[in-house]
Number of protein chains: 2
Amino acid sequence: MSNLEALKKRLADVNALSSAAAMMDWDQQTFMPRGGAGARAQHLGILGRMAHETFTADETRTLLDKSQSEAQTEDDKALLRVVARDLDLSTKIPSALVEKKLRLAAIAHEKWIEARAKDDFPSFASTLEQMFDIARQEAEYLGYQDHVYDALTDLYEEGATKAGWDAMFGAIRQPLVDLVKRIKESPVKPDDGFLYGKWDESVQATFTQYLAKEIGFDFNRGRQDTAPHPFCGGWSVNDVRLTTRFKEYLGSAVFGTLHEAGHGMYEQGSPQEWDLTPLAGGVSLGVHESQSRTWENIVGRSKPFWKRYLPQLRAMFPDLPELDLTTFYRAINKVQPSFIRVEADEVTYNLHVMVRFEVECAILTGELKVQDLPDFWNSKYSEYLGVTPPNDSLGCLQDVHWSQASIGYFPTYSMGNLLSYQIWECLVRDLGDVDALMEDGNFEPVLGWLQEKVYRAGRKYKPAELMTMVTGRPLDPQPYLRNITQKYEGIYGLAPAVV
Amino acid sequence: MSNLEALKKRLADVNALSSAAAMMDWDQQTFMPRGGAGARAQHLGILGRMAHETFTADETRTLLDKSQSEAQTEDDKALLRVVARDLDLSTKIPSALVEKKLRLAAIAHEKWIEARAKDDFPSFASTLEQMFDIARQEAEYLGYQDHVYDALTDLYEEGATKAGWDAMFGAIRQPLVDLVKRIKESPVKPDDGFLYGKWDESVQATFTQYLAKEIGFDFNRGRQDTAPHPFCGGWSVNDVRLTTRFKEYLGSAVFGTLHEAGHGMYEQGSPQEWDLTPLAGGVSLGVHESQSRTWENIVGRSKPFWKRYLPQLRAMFPDLPELDLTTFYRAINKVQPSFIRVEADEVTYNLHVMVRFEVECAILTGELKVQDLPDFWNSKYSEYLGVTPPNDSLGCLQDVHWSQASIGYFPTYSMGNLLSYQIWECLVRDLGDVDALMEDGNFEPVLGWLQEKVYRAGRKYKPAELMTMVTGRPLDPQPYLRNITQKYEGIYGLAPAVV
């Protein structure tokens, strides 16, 4: 066996352990009976340790080094690059710190749930402070050029830096604030009240699975279940698990499904020959999010899409009132500055993200003390969104991320929003009348284009390389600004902004 | 850390790997999309190999040896005995063969499903042949005194041999054939036609879960899903997974659920402190089956049970005709030589098992070629049951076992049938009027007795020891023969047999 083959065998072992943990996590969020939690914690802990031990063993590094001269194909060279990056990141942080972080995360998650339930930020503050301390230590071990944030955000988005995120947010901050203001002043006030009701859950399941199938999610290689917090999981190009949830707002299941199906189709789109290897899957969180947002927002909140599917929706939910396409289109695109990020519309969403990004940077550098977070948070919401959370549960306690030790993650959501339109403009240039395709329910050309340009690349290229290959340039906020300005000027009957 | 503690830590690692494999297996049979089979095969192969490697590493043997002097409690001594047996069996089989078997099993399962669906035995034949080849190799590695079968069947039922099974079947063969003959000649012809129909699946699910809960299956520590071939899985005392299936015969889901719930309650009944250790779970397949059959047949096909639940059944299935308890009782105990083992009545069931036992012995010794299996199968059915399967889906393709590499397993079903009555006679002696308890839907005393005598023992004692502790003697066919003779003489109005 060559060193390269031995390395691949070793990676397959790591993949089996990670896949087992992924399935246990999926099961915990979908089907596990309550009593199973204790056993699940033990099993996940052990499998996680084993995966980490197997991957970071000296033998992996040795095989990786010796494989360099054996890699002949483009794919093998890409594999070695990806493994080298993963291995560097995994070995730079001492296992003692990893363990400390995991232990803290377990406690933090419980404390966060309790603090949020009781609206008691002070009870969570010292835990949050420890979490940021650990993140700071992690960053020092990982190393960085300019800013402590660079080390952390690179874990989620290879090559991303604070300076890059600053530029991104700097480009969209004022235009968004202005657009929100103009929308607020518009006499058009879309009503989405008719989308709230007691909708039959099995009908919602049937309809959302129908939509996911229509856009191209392959149910022979995946499925959909319910979970309290929707996510897309999986452990193979051929076994991708979507989840959704059913709430009073009918859009929750519909757009949640289109979102997760977007993630899912990206996962299903990796080449078969990369299945179960580090080359399969999404290249970064930002690019992944661009695909979920493409199918959720650009396709799923478009007029042509609902020109086709509104009749089906009304047939399946007879409690919906008589309504025309424009009324429905306005309702699902209602812009409303609010407190909760995950329920935000596409115009205000990035403003939510900005607040979190600024919080993370300020706490990491020490400019902001954790105890002052609620005031900082609320003043930023007031500044960017014009609303002030009435309490911390609807404010700085709302997200799960920090309690899970995910710091440096949030900006990838905004990157996804921007990139989705940047890629979409190229797609439209190539495909022509995409609206007509959507009205026909013919998503094959759209999915095929995305598969060819994005999904089939898996993790082969760096995110920035891939972006340039697909769109001809690095991340560019203009397509997003251009498209949402045009879309919401239309919906809200606004005169084009004076430039 | 003492050697014993180090051993337990090591066993916890093995348990995590085995549990992951168990969950992947459960998922494959319940929810996995068809496309996931390839990845599943690889993952199960690797996890199985890792569990085997971790368990059979020299370090385990060393720790086991050094732990002997440290084990002070009864439980720790039992643990070391169980681990020693498992280790002896596992070290004899090379890891490569284990992985080969597991990979083949994952593929074989898919092939079996397809072959059964298409009634295409030839498409499954070469896979089946490979499976028997592997079993033969396994037997040679394990070693045996008298017959190749001994090595394989001992894996499922510690201490069992082909000679022992021959004796067991020898004791019941003629009495059963005679009883079937007398029943056939009886003028009483129970009609169970009313149990066939298009029953709403979600109502079936609700009703069967209700029954499982009534008899004592704890849904906080388990759940029920559907699978093509019902089974009971799980990976913790607190996370036990039942499956059932819905067919035109209403009894399929009802009695299948009671059966699997019997297995499940045995699993749930191990002491909490043994959870995730080798001491938890059932002691052997035969003893396990005795419990599923107890709840399915002795409880679930009794008159007192349905005196309580027939009204509920009729309320939930309004398409059922008006019927009295005796008519219903006769219908669910109709004796009818048929093709499908899992749907067989308790009188003919063991004849189905006998066919499989003979098939396995004959293929293993080479007396029977796999390609000739359908003919052999059909002629045996004709000989023992007086019926000839019209196709292989209703014949030799009906069981999942061989596709799962379970060879040497079937006779434990018959052992379970016999042992269920042997244990039940002791239970009735202790509890008195069990019929009255069942009529009241009060299963706590019955479940409590079984928990105390059988379930709480986990794997602490050898099966034969446990049997003697509970019933005062080794496996004895007489209670089974006595009880079913009496029961079916009653149902069919037969004069007591001349002895």
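Residues are numbered from 1 along each chain as its sequence is written, and chains are lettered from A and ligands numbered from 1 in the order in which they are written. In this predicted model, local features need pLDDT of at least 70, side-chain atom pairs count only at pLDDT 80 or more, and totals for chains, interfaces and linings use all residues.

**Confidence.** The predictor gives the complex an ipTM of 0.94 and a pTM of 0.93. Select chain A. Its mean pLDDT is 96 (the predictor's confidence in each residue, from 0 to 100). In chain A, 100% of residues reach 70 or more.

**Chain A.** Look for 20 helices and three strands (DSSP runs numbered from the N terminus: helices are H or I, at least four residues; strands are E, at least two). The C-alpha trace spans about 65 × 55 × 50 Å along its principal axes.

**Chain B.** Now select residues 349-365 of chain B, helix H14, and residues 411-431, helix H16. Their axes lie 8 Å apart, at an angle of about 155° (axes are lines fitted to C-alpha atoms over the stretch in contact; angles run from 0 to 180 degrees between N-to-C directions). H14(B) and H16(B) are therefore roughly antiparallel (over 145 degrees).

**The contact.** Show side chains next. On H14(B), pick B:Tyr349, B:Asn350, B:Val353 and B:Phe357. They meet B:Pro411, B:Tyr413, B:Ser414 and B:Asn417 of H16(B) (contact: C-beta atoms, placed from the backbone, within 7 Å).

Definitions and conventions:
Parallel < 35°, antiparallel > 145°, perpendicular 65-115°, else oblique. Contact = placed C-beta atoms within 7 Å.
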